[in-house]
Amino acid sequence: MKKAYVFLYIIVIGIVISMPPAYAADGKALFMSKCGSCHRTGGEASVFAPTKCASTQWERFFEAGKHARIKDISSLVKPDESAAIKEYLKAHAADSDQPEAIGLK
Amino acid sequence: MIVYIYKNLHYFLFPLNRDFKKVWPVFEIEMDLRKKIVSGYIPVVILLLVIVSLSVVQFRLLRSQVEHLTQAVAGDVRIANSIAAEILSMRTSVEKYVYGEKLEDKKEAEQHIEQMHKLLEMSKQQMQGTDRLETLKQIETVTRDYIDKFSKLSIRIQARNETREKIFSAGQTIHEQMHTAVIGIRRKLVATGANGDGAAGKSKIDPEAELRLTSALDTMKQFTDVRDAVSRFLLNYDQVYAKKLSDMLAVVLKNTESIPELAAIKNDIEDYRDEVEGLAAVAAKMDDEIRKTILPLAPKIVALSQQATDSGWNEMDGARTAVAGQIQNTNMLIQLIGIIATLAALALGFIIAHFIIRPILEIMQGLTESANTVTTASAQVSGASQQLAQASAQQAASIEETSASLEQITSMTKNNATNAGMCDKLMQEATGSVQEANESMAHLTAAMQEISGSSRETSKIIKSIDEIAFQTNLLALNAAVEAARAGEAGRGFAVVAEEVRTLAKRSADAARYTSSLIAGTVQKISEGTDLVETTNSAFAKVSVSVQKSETLFREILASSNEQSQGIAQINRAVSEMDRVVQENSASAEESASASVEMKTQAVGMKNFIKKLNKLVRGSSDTGMLSAGQGYMAAEFPPQKNQRKLPRKTV
């Protein structure tokens, strides 16, 4: 039995280690849920994909707080969530290694 | 053996004209013709079988190799070629899209990619060469990479194009805003000037406002330059322009910040700058990807497919060389065996020819002699047959006469037999009559003896009567005496007594007469008895004679019957003889015609022998058969005493 527990522990540790950084998964989910709440078909704002901008653009977009120029979403998106979304968008920007053309619906 | 053959080479070369028994003692084998021919063919056939089986084995090997080549290797090559072709098509369409960025090109490229996917899946199932399969895996990996890169590139192209559109529209908007701002500044400037003295208005213009206008116009000019530069950058996405653009936009931004009228569009210009830089980044990334990945990947795939094709070709080439070598070896082997088989066939042909021709020559010799004999014999047979026919005719006539005589004899014998049978019957009847007579005689004898007995009894009775008559006479005398004594009274009586006495006397006389008659009768009976006995003995003799006659007649009858049977047999024999004679006659005729036929056949046989000789020896000269030349003559000397058929002398 002890051996079985040790084995299970090793497996769990292995899975945890092999998992990608938490924010990446979170970033996409946050992007889909937070951004998707307004940016959706027939929604308040138009839909877009991470490839809408290049990586530097996303960086500047978040740094300059460009979204606030159109709408203040600080109550909706917390700073750490915003960072995660930014990382996700940068990671899948038009000039990234994994451009993601399928965005919000 | 070799020395032996060498020494007798001329015998081997001309086997027909030599005494083979001296040359080929080893090969004097007792076999029939079929076995000889077959035994001659068997080694050749075995060699042929060896050739055939060798050819079959080699051809099967070749076929399997060719099949492998055509099916596996050629299939692999075909697949590799089609992959190479499809890669080229895909590459062309992809590059067309990359450079032209047309939507239909993209669709075409996607179609080719789809096609490529299918082809790779199919190839993985169909390809057979291990190294080529390995290459195929590499092709697949590289192709998937290529396709991945292309899909990313197409995403980037789309994103870039959208950004480009945004840059164009944003540039336009900014320009218009700048224009509006400049016009506003100018209007302010003009308004300020109008408020002062008209003549000296010029001197009252606010120099700061004028500077702002100039700055604004400069900025607008700078932005126009930026847009020009953007347009130029968009022509070929040269990163040198990108750097310049960033610098130019930084200047514009700085100027914008210094002009209060333009402060409102600062954010737009910032966004514009960001879009331009973003576009430059995307373009740089794309350029990098196209240069470093997509463009080199296609030749890499082509090279890999070429490698697979080369592998197939190499294998085919190797197989071709191997097959060529194999074919050459087989060819040489078959040629070698063929030469051996030909030599063996030639040698065996000579030997078999000898073994076949020699007995045929022997037979021909015999046949020629037989034909001669048959010709002679047929003439003899012809003569004999004619004689036989004549004799047969005469014999037939004689037999006919004999037959007629025999028929007469038969009828006579039949009459004899009938008469003898009738005599036999009559004799049997006579025997019965004699027996009856004998019996009657016996009865007569007995009757006569009885008569004799009766006569003796009668004689006794007559004696008694005589005594009675005597007594009566005495009594009559006594009565007469008495009557005399009685006188008258007794006279009547005396008469009666007299009468009685007369009667007695008459009785005595009658008795005496009867007695004498009886004595005579007895005498006669005695004589009759003797006669009867004599007759009896005569009848006995007659009976014996009749019995003998009967026996004789029976014998005659039997003889007649036997004679009849004998004659019947003779008849049959004669008719048989007649038939035989007729057959003989027919046979003689047939023999005559057969002898003619025989003669014809003998002539035909000679012709056949000539033909056979021509066939066997190559010349129709049969002289050698009777001339006593060559080994044949030694073995078959001409017969001196020809056997002749016995000639029948008539």
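How many residues does the contact take from chain B and from chain A? The contact takes 14 residues from chain B and 13 from chain A, two residues being in contact if their C-beta atoms, placed from the backbone, lie within 7 Å.

1. Basis of the note. This is a predicted model, in which local features need pLDDT of at least 70, side-chain atom pairs count only at pLDDT 80 or more, and totals for chains, interfaces and linings use all residues. Residues are numbered from 1 along each chain as its sequence is written, while chains are lettered from A and ligands numbered from 1 in the order in which they are written.

2. Confidence. The model scores ipTM 0.77 and pTM 0.50. In terms of pLDDT (the predictor's confidence in each residue, from 0 to 100), chain A has a mean of 82, with 87% of its residues at 70 or more. Chain B averages 79, and 88% of the residues score at least 70. Within chain B, confidence is highest in H5(B), at 88, and lowest in helix H12 (residues 630-635), at a mean of 38.

3. Stretches to be read with the scores in view. Residues 20-24 of chain A stay under 50 in pLDDT, and the model has five contacts for them beyond four places in sequence. In chain B, residues 197-201 likewise stay under 50, with four contacts beyond four places in sequence. Over residues 623-650 of chain B the pLDDT is also below 50, and this stretch has 31 contacts in the model beyond near neighbours in sequence.

4. Secondary structure. Helices (H or I, at least four residues) and strands (E, at least two) are DSSP runs, numbered from the N terminus. Chain A comes to five helices and zero strands; chain B comes to 12 helices and zero strands.

5. Burial and contact range. A residue is buried if 20 or more other C-beta atoms lie within 10 Å of its own, exposed if 12 or fewer, and partly exposed in between, with C-beta atoms placed from the backbone. On this basis 24% of the 105 residues of chain A count as buried, and 23% of the 650 residues of chain B do. Among contacts in chain A between residues at least 6 apart in sequence, 78% join residues at least 24 apart. In chain B, residues 24 or more positions apart account for 81% of the contacts with a separation of 6 or more.

6. The side of chain B that touches chain A. H6 and H9 of chain B each supply at least two residues of this side. Its largest share, eight residues, comes from H9(B). By class, the residues of this side divide into four nonpolar, three polar and seven charged; Ala, Val, Leu, Ile, Met, Phe, Trp, Tyr, Cys and Pro count as nonpolar, Asp, Glu, Lys and Arg as charged, and the others, Gly among them, as polar.

7. The largest nonpolar core. A nonpolar core is a set of buried Ala, Val, Leu, Ile, Met, Phe, Trp, Tyr and Cys residues joined through C-beta atoms within 7 Å. The largest has 71 residues, of which Met178(B), Ala216(B), Leu245(B), Val276(B) and Val282(B) touch the most other members. Elements giving two or more residues to this core include helix H2 (22-34) and helix H5 (79-91) of chain A, as well as H9 of chain B. H9(B) provides the largest share, 15 residues. Apart from this core lies another, of 14 residues, among them Ile465(B) and Ala494(B).

8. Val276(B). This residue is found in helix H9 (residues 266-485) of chain B. Why does Val276(B) count as buried? Val276(B) does so because 28 C-beta neighbours lie inside 10 Å. Leaving aside neighbours within four places in sequence, Val276(B) is in contact with Ile167(B), Val230(B), Leu245(B) and Leu249(B). Val276(B) and Ile167(B) are 109 residues apart in sequence, yet 6.8 Å apart in space, C-alpha to C-alpha.

9. Packing of H8(B) on H9(B). The two axes come within 10 Å and cross at roughly 170°, axes being lines fitted to C-alpha atoms, for helices over the stretch in contact, with angles running from 0 to 180 degrees between N-to-C directions. H8(B) and H9(B) are therefore roughly antiparallel to each other (angles under 35 degrees count as roughly parallel, over 145 as roughly antiparallel, 65 to 115 as roughly perpendicular and the rest as oblique). Residues that meet here include Leu245(B) and Leu249(B) in H8(B) and Val276(B) and Ala280(B) in H9(B). The residues of this contact divide into nine nonpolar, three polar and five charged.
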